[in-house]
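Here are a few notes to read alongside the model. Have the sequence and the 3D view open as you go.

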Amino acid sequence: MTDQTTPQAGPAELLICVKCRAGQEMPDDARRPGAHLYDQFTEKGPIDGLTVTPVECLSNCDHGCSVVLRGPGRWTFVYGRFDTDTGAETLYEGAARYAAQPDGLVPWRERPEHFRKNCIARIPPMET
């Protein structure tokens with residue numbers, strides 16, 4: 001007899017580049033757009049099963065604020081061009097959908113439009 005229960009989503013992590021300048025010239029000590037996006041996202045409160053981690057650089061500096069969604073046994077996605085004024089709401093919605101999927105694959109039509117148009121990379125899970 002096989003177990004036909006729906007697989008439960010494992011842990012997921014959202015990495016937000018807090019050093020992102022979003023292609024803007026600014027002094028080294030200025031508050032960066034990426035840090036602003038991180039603050040706005042975390043102010044919305046936690047998402048079940050998702051850890052949010054600020055990171056130094058995702059090497060996508062000229063393409064707006066960038067993030068990564070990843071987790072064990074999940075597909076990894078890199079997204080860019082998040083606007084610091086409106087991006088946190090879209091990011092929150094997309095991250096919640098990602099965290100709810102056991103493999104990280106949110107059906108195309110269920111992804112926020114920004115996620116459909118600004119995917120930089122999609123990386124398969126590591127084989128174990």
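**Rings and cysteines**

1. Let's start with Phe115, which is buried at 3% relative accessibility (buried means under 20% relative accessible area, exposed over 50%, partly exposed in between, with a 1.4 Å probe and protein chains only). A word on the source: this is a predicted model, where local features need pLDDT of at least 70 and side-chain atom pairs count only at pLDDT 80 or more, while totals for chains, interfaces and linings use all residues. Residues are numbered from 1 along each chain as its sequence is written, and side-chain values use heavy atoms, with hydrogens and water left out.

2. The whole structure has 5 aromatic pairs (ring centres of Phe, Tyr or the six-membered ring of Trp within 6.5 Å; planes under 30 degrees apart are stacked, over 60 edge-to-face, the rest tilted). One of them joins Phe41 and Tyr92, tilted, with 5.3 Å centre to centre and 50° between the planes. Phe41 itself is buried, at 1% relative accessibility.

3. Phe82 and Phe115 pair edge-to-face, at 5.8 Å centre to centre and 75° between the planes. Phe82 is buried too, with a relative accessible area of 3%.

4. Now the cysteines: how many disulfides does a search of the whole structure find? The count is 0 (a disulfide needs two cysteine sulfur atoms within 2.5 Å). For Cys65, the closest cysteine sulfur is in Cys20, 4.1 Å away, which is too far for a bond. Cys65 is buried at 1%, whereas Cys57 is partly exposed at 46%.
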